[in-house]
Amino acid sequence: MWTLWDESSGLYTGDGSVDINGNPVLKQKTGNWKACPFILGTECCERLAYYGIATNLVTYLTIKLHEGNVSAARNVTTWSGTCYLTPLIGAVLADAYWGRYWTIAVFSSIYFIGMCTLTLSASIPALKPAECVGSLCPPATPSQYAVFFFGLYLIALGTGGIKPCVSSFGADQFDDSDPKERVKKGSFFNWFYFSINIGALISSSFLVYVQDNAGWGLGFGIPALFMAIAIGSFFSGTSLYRFQRPGGSPITRMCQVLVASFHKWNLEVPQDSSLLYETQDKHSAIEGSRKLGHSDELKCLDKAAVLSEAEMKSGDLPDPWRLCTVTQVEELKILIRMFPIWATGIVFSAVYAQMSTMFVEQGMLMDTTIGSFTIPPASLSTFDVISVICWVPIYDRIVVPIARKFTGQERGFSVLQRMGIGLFISMLSMTAAALVEIKRLQLVKELGLAGEAVAVPLSIFWQIPQYMLVGASEVFTFIGQLEFFYEQSPDAMRSLCSALSLLTTSFGNYLSSFILTMVTYFTTTGGKPGWIPDNLNEGHLDYFFWLLAGLSVLNMLVYVFCANKYKQKKAS
C-alpha cells in the first residue's frame with residue numbers, strides 16, 4: 001500500500017508513478033537519466049528508420065514502381081499526412097487503456113512488420129515490376145501495389161503509437177514533485193530532439209546514398225534493422241522505467257463534462273469553489289492523475305461539478321454523465337486554454353514546410369556546382385539538421401545558464417518565452433530567403449535571363465543562412481512545444497496532447513498549400529506570370545517569402561497576446 005509516509009519520505013516518487021508490476025518505485029533505482037539512454041536510443045533508431053523510408057520515397061515510386069510525378073507526389077503526401085493523423089489513435093489507447101509503455105511496444109512491432117514487408121517488396125523480383133526497357137516501363141500489378149502499400153501503411157499505423165508516446169514516456173522518468181528532477185526534464189526534451197535529428201542526418205545522407213547506388217532492398221533493409229535495434233533498446237530499459245497508470249478515455253471524460261454542464265444549465269455556480277464536487281481522497285478519481293485546482297474562467301463548464309439537491313440527499317455514487325469532479329472539468333478547461341497557443345504553431349509549421357518546397361525550387365535556379373561536383377538542391381536541408389545538432393548543446397549548456405542569471409527561471413526561459421523566440425527566428429529565416437531571392441532576380445535582370453529557366457551565377461551556399469535559421473527556430477519552438485504540451489496537459493491526457501501538437505505540422509502543410517493556391521490565383525489574373533510561375537526567373541518568389549515573413553510577424557503578435565493571457569495549470 002502506498003501511504004502518505006512513503007511519498008513524503010523521499011524514497012518514492014511523488015507523482016504517482018509505478019514500476020511495470022504496478023508497485024511504487026524507488027527514486028534512486030529508477031527513472032531519471034538512468035532510464036533515458038534507452039528511450040533516446042529508441043527514438044534515434046526509429047526516426048532513422050522513418051526518414052530512411054520517407055526521404056527518398058518519391059524516387060522509389062517513380063523509378064521502381066514506374067508511377068508518374070503527380071501520382072507519386074500524391075501518394076507520398078497522403079502517406080505523410082496519415083503518419084501525422086494516426087498518433088491520435090495511439091494517444092487515445094495510451095491514455096485510456098494500455099499506458100505509454102505497452103502502446104509503444106505493440107505499435108513498434110506493427111512498425112517492424114511494415115518495414116520487413118517493404119524490404120521484401122523491394123527485394124523479391126515477383127513483388128516488384130520489371131526494369132524499364134528503353135522508354136517502356138511496365139506498370140506494377142495490383143498485387144505488387146498491394147504488398148508495397150500494405151507495408152507502407154503498417155509503418156504509418158506503427159508510427160502513430162510511437163510519436164505521441166515516446167517523448168511523454170521519457171518525460172515520465174522525471175518526478176514532477178521534485179524541483180531538481182523538473183529541471184532535468186527540460187533538458188531531456190532538448191536531447192530528445194537532438195536524437196531525432198541525428199537519425200534524420202544519417203538517413204538523408206548515408207541511407208539515400210545506399211538506396212540510389214547499392215539497391216533498394218538493402219536501402220529498405222537497413223532501416224528495418226535499425227527498427228529492430230530500436231525495439232531491443234526500448235525493452236532493455238524496462239526494469240529502470242517509471243510508469244504512469246492509464247486514466248480511462250479522455251474523450252469520454254470531456255463528453256461527460258459537456259453533457260453534465262448542459263443538463264444543469266439552469267443551476268447557479270456557487271461563489272465558493274470549495275462547494276463544487278471533488279473527491280475527498282488525496283488523489284484524483286481519475287487513475288494516474290493528480291487533482292487540479294479550480295480556475296475562474298469558463299464558468300459555464302463548472303455547472304458539471306455543481307451538486308443538485310437530489311444528489312446531495314442521495315447517498316449513491318454519482319452518475320458521471322450528470323456530475324463530474326472539479327479535476328475532470330479542469331481537464332477540459334486546460335485543453336480550451338491551450339488551443340490558441342496550439343493554433344499559432346500552424347503558421348510556424350507552414351514556414352517550416354518551405355524548406356522542402358520553395359527553398360529547393362529557389363536552389364534549382366542557383367549555381368549548384370563546386371568544381372566538377374554538383375550539389376543536389378534538396379541536400380541543403382542537411383544544414384537545417386546540422387543547425388539543430390549544434391544549437392541543442394549550445395542552448396542546454398550555454399544559453400540556459402546565462403539566461404537563468406537574468407530571468408531567475410530554473411530553465412533559463414519559460415516554455416512560452418522559448419516558443420516566442422523561435423517564432424521570431426522563423427520570421428528572420430523568411431527574411432533571409434527573400435533577400436537571397438532579391439539578389440538572384442537582380443542577376444537575372446542584369447544578365448537578361450528572364451525568359452529562360454536557367455540557373456544564375458549565384459552560389460547555392462547563399463541559402464545556408466535561411467536553413468540554419470530554420471534549424472535554430474526549431475530548437476526554440478518545436479522543443480518548446482514538446483515541453484509545453486507535456487507540462488500543461490492534464491496528467492491523464494499527455495499522449496493525446498502530444499498527438500495534438502503533431503497535428504500542427506500536418507495543418508501547417510495544408511496551410512502552405514492553401515497560401516500557394518491563393519497566391520497563384522490572385523497574382524496570375526490578366527495573363528500575368530504571377531509570383532511563382534514554372535520559370536521562377538519570370539516571377540517574384542521574394543514577394544512570397546515577404547508574405548510569409550509578414551504572416552509570421554502577425555502570428556507572433558497573436559502568440560504574445562495569447563501567451564500573456566495564458567493561465568498555467570494548478571496541480572496538487
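Visitor: With which residues is Gln-244 in contact, leaving aside its neighbours within four places in sequence?

Guide: The model is a predicted one. In it, Gln-244 is in contact with Asp-15, Gly-16, Ser-17, Arg-100, Asp-172 and Gly-288, once neighbours within four places in sequence are set aside.

Visitor: Where does Gln-244 lie, and is Gln-244 buried or exposed?

Guide: Gln-244 belongs to the loop between helix H8 (216-236) and helix H9 (250-263). Its relative accessible area is 15%; buried means under 20%, so Gln-244 counts as buried.

Visitor: Which residues line the largest cavity, and how many cavities of 30 Å³ or more are there?

Guide: There are 4 cavities of 30 Å³ or more. The largest cavity holds about 70 Å³ of space. Gln-244 is one of the residues that line the largest cavity, and the others include Arg-100, Arg-245, Pro-246, Gly-288 and Asp-491.

Visitor: How is a pair of aromatic rings described?

Guide: One gives the distance of the centres and the angle of the planes. A search of the whole structure finds 42 aromatic pairs. In one of them, the ring centres of Phe-148 and Phe-149 are 5.3 Å apart and the planes stand at 85°, so this pair is edge-to-face. Both Phe-148 and Phe-149 are buried.

Visitor: Why is the pair of Phe-234 and Phe-235 edge-to-face?

Guide: Planes over 60 degrees apart count as edge-to-face. The planes of Phe-234 and Phe-235 are at 65°, with the ring centres 5.9 Å apart, and therefore the pair is edge-to-face. Phe-234 has a relative accessible area of 3% and is buried, whereas Phe-235, at 35% relative accessibility, counts as partly exposed.

Visitor: Which residues do ring pairs link into a cluster?

Guide: Ring pairs join Phe-234 and Phe-235 with Tyr-101, Trp-102, Phe-169, Tyr-241 and Phe-243 in a cluster.

Visitor: Which charged residues sit over a ring?

Guide: Two cases may be shown here. The charged end of Arg-47 is placed over the ring of Tyr-51, 5.5 Å from its centre. Lys-163 lies over the face of Tyr-50, and its distance from the ring centre is 4.8 Å.

Visitor: Where do nonpolar side chains tend to be found in soluble globular proteins?

Guide: They tend to be buried together. In this model, the largest nonpolar core has 108 residues, and Trp-79, Phe-148, Ile-341 and Phe-484 have the most contacts inside it. Not counting residues up to four places away in sequence, Phe-484 touches Met-338, Ile-341, Val-415, Leu-416, Met-419, Ser-489 and Tyr-566. Another core, of 32 residues, lies apart from the largest one, and among its members are Met-366, Val-436, Leu-449 and Ile-515.

Visitor: Finally, what is the phi of Asn-32, and what is the phi of Leu-298?

Guide: Asn-32 has a positive phi of about 55°, although Asn-32 is not a glycine. Asn-32 is placed in helix H2 (residues 32-54) and is buried, with a relative accessible area of 11%. Leu-298, also a residue other than glycine, has a positive phi near 55°. Leu-298 is found in the loop between H9 and helix H10 (299-302). With a relative accessible area of 30%, Leu-298 is partly exposed.

Methods: Residues numbered from 1 in each chain as written. Predicted model: local features only at pLDDT ≥ 70, side-chain atom pairs only at ≥ 80, totals over all residues. Heavy atoms only, no water. Phe/Tyr/Trp six-rings, centres within 6.5 Å; stacked < 30°, edge-to-face > 60°. Buried < 20%, exposed > 50% of the residue type's maximum accessible area, 1.4 Å probe, protein only. Lys NZ or Arg CZ within 6 Å of the ring centre and 35° of its normal. Helix = DSSP H or I, 4+ residues; strand = E, 2+ residues; numbered from the N terminus. Contact = heavy atoms within 4.5 Å. Core = buried A, V, L, I, M, F, W, Y, C linked by side-chain atoms within 4.5 Å. 1 Å grid on protein atoms, 1.4 Å probe; cavity = no way out; pocket = protein on both sides within 12 Å on 5 of 7 lines; lining within 4 Å. Points joined across faces, edges and corners; volume = space filled by probe spheres on them.
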